[in-house]
Amino acid sequence: MAVIHKLAITQFRNLNNQYIELNKQLNVFVASNAQGKTSLIEAVYYLGHNRSFKTKALKELIQLDHQQFQLAAQVDDYRLKLEKSKQKTTINLDQNRLKNSSELSKLLPIQIITPDKGFVVNGTPKNKRSYLDWGVFHLKPDCLSDFKKYQKTLKNINFLLAQQKQQELDYWFLEIAQLSSKINQARQDYIEQLKQTNSAELMKSLSQSFDLIDTFDYQFKSGWPKEVDAFNVDSIYQYLLKSKAFLMKAKYLNYGPHKASLDFLLNDQQECFLSRGEQKTLSIVFWLTQVSLLVKNNTYPVVLIDDISSELDQSKIQTILNYLQQLKVQVLMTDIGINTLTIDPENTSIFKIEKGVITQG
């Protein structure tokens, strides 16, 4: 069960030398705009992923006149520290160095609900894949090696296509067909589990504030053309062989798991025709379903909720918090105020942020 007990942030955006002790259930950070709310959420997200959800530019994260930032936390009984400079990244667990970010993500699984990352319903295929593969990874960590092999194989194929070298393509086509089949199956299995979790009990818990969700559906799009059986190695391989001339012209592989997506539907209506309110509502239901499935499998992620009062009314926010409380996961939420929220004071810590300084109370 992932719970952040203590958190220290040094030289990360406008947060410097900030130390807080968190409640194991709900933590609310109240501040007006441009005070550091999203920076706090971004820091915690970075600690769990070794990347930001807002930028790829490291210079935007490190404070001016400094060379690095540092994030540290006590997560359950472990001490975690991440130091990042332009030259290197160091991640330590109880003073032992971690080799890669996947170990970090296992220790600190994080789900994020924020307009800044984009809503998943009617979102970009890349954003949909990131949430999909987040769930696949936490339920089936062994799949990570297949994803890594796939990226290397794809890189090799694209190099051969760009260089117009046909002789080695057949070998790599077979390799990517095998990996594609595994990845497609893992993603489809995860989606089927999500749909089972998307049960009447879950819907009933959310129904007071979230209507129309009983007809919510989503379908996996493998990234391969319709004529290809995306779960069959030979079907993928034969398609690649047949398409070799076309791919040589294109100079890159434009099909496969790296082009996969999800199609969302409400009352059999495609997501692009839904209102923005419906897209937001269904996105949040999808995210909560993901958290629910992980909890069902004894993985308790930390849930980050950033500044959604501008997107949702207070009754919906209250419903989200009540549901997460039932799941017994730790929540860090930012907002401009909590006056209308009903919260349990024993299981809630309230913080204020002003000009990058975090204080409790």
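Is alanine 34 buried or exposed? Alanine 34 counts as exposed, because its relative accessibility is 76%, and exposed means over 50%. The model is a predicted one, and the points below should be read with that in mind.

1. Alanine 34. This residue sits in the loop that runs between strand S3 (26-30) and helix H1 (37-49). Alanine 34 is not a glycine, yet its phi is positive, at about 65 degrees.

2. Asparagine 17. A positive phi is also found at asparagine 17, about 55 degrees, although this residue is not a glycine either. Asparagine 17 belongs to the loop between strand S1 (4-10) and strand S2 (18-21). With a relative accessibility of 56%, asparagine 17 counts as exposed.

3. Threonine 114. The loop between strand S8 (110-113) and helix H3 (125-139) holds threonine 114. The relative accessible area of threonine 114 is 0%, so the residue is buried. Leaving aside residues up to four places away in sequence, threonine 114 touches Phe53 and Asp306.

4. Lysine 128. Not counting residues up to four places away in sequence, lysine 128 touches Val120, Asn122, Gly123, Ser261, Leu262, Phe264 and Glu271. Between lysine 128 and glycine 118, ten residues apart in sequence, the C-alpha to C-alpha distance is 9.6 Å.

5. Helices H4 and H5. Two packed helices are described by the angle between their axes and the distance between the axes. For helix H4 (residues 143-162) and H5, the angle is about 145 degrees and the axes are 9 Å apart. The crossing of H4 past H5 is left-handed. On the H4 side, the contact is made by Cys143, Asp146, Phe147, Lys149, Tyr150, Thr153, Leu154, Asn156, Ile157, Leu160 and Leu161. On the H5 side, the residues are Leu169, Trp172, Phe173, Glu175, Ile176, Leu179, Ser180, Lys182, Ile183, Ala186 and Arg187. Sorted by class, the contact of H4 with H5 has 14 nonpolar, three polar and five charged residues.

6. Leucine 154. One of the H4 residues in that contact is Leu154. Leucine 154 lies in helix H4 and is buried, with a relative accessible area of 8%. Apart from residues up to four places away in sequence, leucine 154 touches Ile176, Leu253 and His258. Ile176 is among the H5 residues in the contact of the two helices. Leucine 154 and arginine 13, which are 141 residues apart in sequence, lie 35 Å apart in space, C-alpha to C-alpha.

7. Glutamate 192. Helix H5 also holds glutamate 192. Glutamate 192 is partly exposed, at a relative accessible area of 34%. The side chains of glutamate 192 and glutamine 188 are joined by a polar contact of 2.8 Å. The C-alpha atom of glutamate 192 is separated by 9.5 Å from that of glutamine 219, 27 residues apart along the chain.

8. Helix H7. Which residues of helix H7 (residues 233-242) are buried? They are Ile236, Tyr237, Tyr239 and Leu240. Seen down the axis of H7, these buried residues fall within an arc of 160 degrees, so they line one face of the helix. They pack against helix H5 (169-197) and helix H8 (244-250). At the start of H7, a side-chain oxygen of asparagine 232 comes to within 3.0 Å of the backbone nitrogen of aspartate 234.

9. Valine 233. This residue lies in helix H7 and counts as partly exposed, at 27% relative accessibility. With residues up to four places away in sequence not counted, valine 233 touches Leu174, Ala177, Gln178 and Ser181. Valine 233 and valine 44 are 189 residues apart in sequence, and their C-alpha to C-alpha distance is 40 Å.

Notes: Residues numbered from 1 in each chain as written. Predicted model: local features only at pLDDT ≥ 70, side-chain atom pairs only at ≥ 80, totals over all residues. Heavy atoms only, no water. Helix = DSSP H or I, 4+ residues; strand = E, 2+ residues; numbered from the N terminus. Buried < 20%, exposed > 50% of the residue type's maximum accessible area, 1.4 Å probe, protein only. Arc of directions from axis to C-beta. Contact = heavy atoms within 4.5 Å. Polar contact = N/O pair within 3.5 Å; in protein donor to acceptor, adjacent residues only side chain to side chain. Axes fitted to C-alpha atoms, helices over the stretch in contact; angles between N-to-C directions. Left-handed = near helix turned anticlockwise from the far one by under 90°. Nonpolar A, V, L, I, M, F, W, Y, C, P; charged D, E, K, R; others polar.
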